[in-house]
Amino acid sequence: MERVVDLDEAVLEVERRRSRWEEAGLTVEPVTWRDEQRKWPQRLESDRAAVVDPDSVGVVLTGLGGELSVVLFRGGWADVDYFAGIDDVGTLPASDIDSAAAFGDQLDSYVTRTFGSFGNSAT
């Protein structure tokens, strides 16, 4: 898989937002990593040091009546699933992510779509 997004930098985008999300009432699960070198099915790791060749990182946020799951692949796309209510569930478009900063911007929009607005700027 082509390396478009530096996943270590992408995790920094998650961590830059973690305290704001938690202050707003969200639970932010530990980031998980998947190692491309492992045999299928690849186990998800929460310890970055246990992953030699990361091909994706994921994070799950819950609270405020919703849930958001985001898995970013180093190739520049993400799998994004959300639940914002019984009649508001689905996937969100997430392609053409060309940098960790762009991923951070997308995270802000995913969180706002799922949980409402409580401030978009990362601190």
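The expected span of a helix is 1.5 Å times one less than its number of residues. With that rule in mind, open this predicted model and select helix 1, residues 7-23. Its 17 residues reach 25 Å from the first C-alpha to the last, close to the 24 Å expected at 1.5 Å a residue.

Begin at the start of helix 1, where a side-chain oxygen of D6 comes to within 2.9 Å of the backbone nitrogen of D8. Next, centre the view on R17: a kink of about 40° in helix 1 is centred there. Just beyond the helix, select G25, which adopts a positive phi of about 105°.

Now colour the buried residues of helix 1: L7, A10, V11, E13, V14, R17, R18, R20 and W21.

E15 counts as partly exposed because its relative accessibility is 36%, between the 20% limit for buried and the 50% limit for exposed. From E15, draw a distance to V31: their C-alpha atoms are 9.1 Å apart, although 16 residues separate them along the chain.

Finally, move to strand 2, residues 32-35, which is joined to strand 4, residues 54-63, by four bridges in an antiparallel arrangement. Within this pairing, R34 lies opposite S56. Strand 2 also pairs antiparallel with strand 3, residues 44-45, over two bridges; select W33 to find its bridge partner E45 in strand 3.

Conventions. Residues numbered from 1 in each chain as written. Predicted model: local features only at pLDDT ≥ 70, side-chain atom pairs only at ≥ 80, totals over all residues. Heavy atoms only, no water. Pairing = 2+ DSSP bridges. Buried < 20%, exposed > 50% of the residue type's maximum accessible area, 1.4 Å probe, protein only. Bend = angle between axes of the 7 residues up to and from the residue. Polar contact = N/O pair within 3.5 Å; in protein donor to acceptor, adjacent residues only side chain to side chain.
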